[in-house]
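Me: Here is a structure I would like to understand. I want to know what lies behind each label. Can we go through the terms one by one?

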Amino acid sequence: MPIATKPQLNPLLKLALDLGPLALFFFANSRFGIFAATATFMVAVLAALAVSYAMTRHFAIMPVVTAIIVVIFGGLTLFLHDATFIKVKPTIIYALFGAVLIGGLAFNKPLLGIVFDSLFHLTEEGWRKLTWHWAIFFLVLAVLNEIVWRNTSTDVWVDFKVFGVVPLTFLFGALQMPLLKKYAVEPAE
């Protein structure tokens, strides 16, 4: 009996669901300020999560963790009327993802292999190296976020989130292509 695979989102729709809330956050901040942007971001992240679930009938772990942290820190930002909480949120998410990836490696479980196994077929060494690369990248993003939000205005920090982190992430992902090619294995028939 064949094993049923989880339905996957169209890559363009997935990209829109991942980046759409951030784009709305940026737009709302530019028009209405950080508190309206935070509320918009919270609603948009939850809506993206709902659309993803409606189309696949499962929750991916990273968007769920992100949504929980957005709601908690966004809620604190709005309730206490203090933008510090929404600014710290990326640091916590990046540090958490980096730490979880390193923790998986400590238990000889390259967790990226679990998350991206349907997209890439790599050797164990390939998954281990790719996991290290992304773990370090997430930890660097956590440090960068701390530096930027503590030393710039809220508007500069929002611009950094949209025009700094997003392109850096795409560039970093593209730079992993040689590793993906070097350690690729053909899937078993």
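Reply: Let's start with Glu146. It has 17% relative accessibility and counts as buried. This is a predicted model, where local features need pLDDT of at least 70, side-chain atom pairs count only at pLDDT 80 or more, and totals for chains, interfaces and linings use all residues. Residues are numbered from 1 along each chain as its sequence is written, and side-chain values use heavy atoms, with hydrogens and water left out.

Me: Why is Glu146 called buried?

Reply: Buried means under 20% relative accessible area, exposed means over 50%, and partly exposed lies in between (1.4 Å probe, protein chains only). Glu146 has 17%, so it counts as buried.

Me: What makes Glu146 and Arg150 a salt bridge?

Reply: The rule asks for a side-chain nitrogen of Lys or Arg within 4 Å of a carboxyl oxygen of Asp or Glu. For Glu146 and Arg150 the N to O distance is 2.6 Å, so the pair passes. The two residues are four apart in helix α6, so about one helical turn separates them. Helices here are DSSP runs (H or I, at least four residues), numbered from the N terminus.

Me: Is Arg150 buried or exposed?

Reply: Arg150 is at 55% relative accessibility, so it counts as exposed.

Me: How many salt bridges does this rule give?

Reply: The count comes to three. One of them joins Lys129 and Glu125, at 3.2 Å from N to O. Both residues lie in helix α6 (residues 124-151), four residues apart, about one turn of the helix. Lys129 is at 31%, so it is partly exposed. Glu125, at 34%, is therefore partly exposed too.

Me: What links Asp18 with Lys14?

Reply: A salt bridge, with the closest N and O atoms 3.0 Å apart. Asp18 and Lys14 both lie in helix α1, four residues apart. Asp18 has 42% relative accessibility, so it counts as partly exposed. Lys14 has 40%, so it is partly exposed.

Me: Where does His81 lie, and what is its phi?

Reply: His81 is in the loop between α3 and α4 (84-106). Its phi is positive, about 50°, although it is not a glycine. At 55% relative accessibility, His81 counts as exposed.

Me: What makes the nonpolar surface patch?

Reply: Ile68, Ile72, Leu76, Phe79 and Leu80 make a patch of about 500 Å². Patch residues need over 30% relative accessible area and no salt bridge; nonpolar side chains (Val, Leu, Ile, Met, Phe, Trp, Tyr) are joined within 5 Å, like charges within 9 Å. Areas come from the Shrake-Rupley method with a 1.4 Å probe; for residues, only the protein chains shown count as cover. Ile68 lies in helix α3 (residues 61-80). At 46% relative accessibility, Ile68 counts as partly exposed.
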